[in-house]
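Here's a quick briefing to read with the model open beside you. Take a look at the fold first, then work through the points below.

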Amino acid sequence: MTLWRIRATVDDRPGYMSVLTASLALRGVNILTVQVHTTERGAVDDFLVDAPDTLDEADLIAAVERGRGRDCWVARSEARGLVDQPTRVLGLATRLVRDPDATGEVLRALLGADEVTWRPAPEGARSGIDGATMLLADPNGGSYRLRRAAPSFTPAEYARAQALLELGATAAGRCAEQITVVLPDGAELTVRPAVAEDLPAVVELHEACSARTRQRRYLGGATSPAPARLRRLLEPTRGLTLVAVTTGSDPAAESVVAMANLLAEGDEAEFALLVRDDWQRRGLGSTLLRRLTRQAESSGYAAMVLHVQADNTPMLRTLRRLRRPTTVERDGGLLTLTVPLATEVPTPVESTG
């Protein structure tokens, strides 16, 4: 006996599934597992079967067509195909949580894709499936493009893949977990991802900063941003915000003394930093910049961008400490600095089965 995978479209009408299974049974084909994918053209039935060694691909296709199946696809399978599908997906999800950088390989394994690539989201492109191609929105920015010679992708497969991407994005965010930072002067701070509940403390941070510090951060003025804007900065749609919090035995006495934003757009991420005046020139800005740079690289961004006033010497000095090649564009008194990143973009992977 030989293991085969069979996929065929069947009219979603009473009894049609029974006709197909009966046609396979007449040829001695034993159905081991079946998944049903609902589509606009009918129900796509995906079988794992055990067939007599005397049957070949043409025999199986003929049996399916006699059972009123159409658009038939048949391929040899392996014993690993016997793994329960929900168990298999949970295993892939576990791998993704442990290693968010394995997203491309997990997608390939989930869907048996011949090619998986990450790229910036094309202008006007919409996520979805188009026969042998699937385009998935990456929650961290950009998109994944999958290709599979056969069979065509189904909406159910698209939904599973997008759900895994959402899980991966959550796992990647947790990679930026809370850490304790010791500055050169011995001061200790906690650096962690921001949450919505940090809003009151972040409002206090802005009020405690001098007008000059706020103006250097937001460029357009020295007033504090409205709470609604700060709330969006704390939990950006794409990217990450870190806060630096003073440590102590009394949690109620803790305060946010710095906020660093990484805001993604396309394949680039914009960096911005606000440090309370009494915590400046103590190495905190450099610490936050290095941490967000690592996060931007692990998320696959091609470059990090910083908009800064030409006379903002402290911020320029902080960027130089990163020791990375940087391009500079000047527009009057405003500088735009671009730092290329060693992105970890999934490369095309050939299917092994």
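β15 and β16 pair in the antiparallel sense over 5 bridges; strands, like helices, are DSSP runs numbered from the N terminus (E, at least two residues, for strands; H or I, at least four, for helices), and two strands count as paired if DSSP finds at least two bridges between them. Keep in mind that this is a predicted model, where local features need pLDDT of at least 70 and side-chain atom pairs count only at pLDDT 80 or more, while totals for chains, interfaces and linings use all residues. Residues are numbered from 1 along each chain as its sequence is written, and side-chain values use heavy atoms, with hydrogens and water left out.

**The β15-β16 hairpin**
- These two strands make a hairpin with 2 residues between them, and Gly332 in the turn has a positive phi of about 65 degrees.
- Arg330 has Leu335 of β16 as its bridge partner.
- Of the 5 residues of β15, the number buried is 0, so the strand lies largely in the open (buried is under 20% relative accessible area, exposed over 50%, partly exposed in between, with a 1.4 Å probe and protein chains only).

- β12 (residues 256-265) and β13 (residues 268-275) are an antiparallel pair with 8 bridges, and Ala264 has Ala269 of β13 as its bridge partner.
- Over in β10 (residues 188-193) you'll find Thr190, which is buried at a relative accessible area of 13%.
- Leaving aside residues up to four places away in sequence, Thr190 touches Gln178, Ile179, Val243, Ala244, Val245 and Thr247 (contact means heavy atoms within 4.5 Å).

- Leu199, Val202, Leu205 and His206 of α6 are buried.
- Down the axis of α6, its buried residues fall within an arc of 110 degrees, so they line one face of the helix; the arc is that of the directions from the helix axis to the C-beta atoms.
- Pro200, Glu204 and Glu207 are exposed on the other side of α6.
- The cover over the buried residues of α6 includes α7 (211-218), α8 (227-234), β11, β12 and β13.

**Cavity and pocket**
- The structure holds 1 cavity of 30 Å³ or more.
- Phe271, Leu289, Met304, Val305, Leu306, Leu319, Leu337 and Val339 line the largest cavity, with β14 (303-309) and β16 (334-340) being the elements that give two or more residues.
- The largest pocket has a volume of about 910 Å³.
- Its lining has 35 residues, of which Arg5, Ser77, Arg88, Ala109 and Gly112 lie nearest the centre.
- On a 1 Å grid over the protein atoms alone, a cavity is a set of points where a 1.4 Å probe fits but cannot get out, and a pocket is an open set with protein on both sides within 12 Å along at least five of seven lines; lining residues have an atom within 4 Å of a point.
- Grid points are joined across faces, edges and corners, and a volume is the space filled by probe spheres set on the points.
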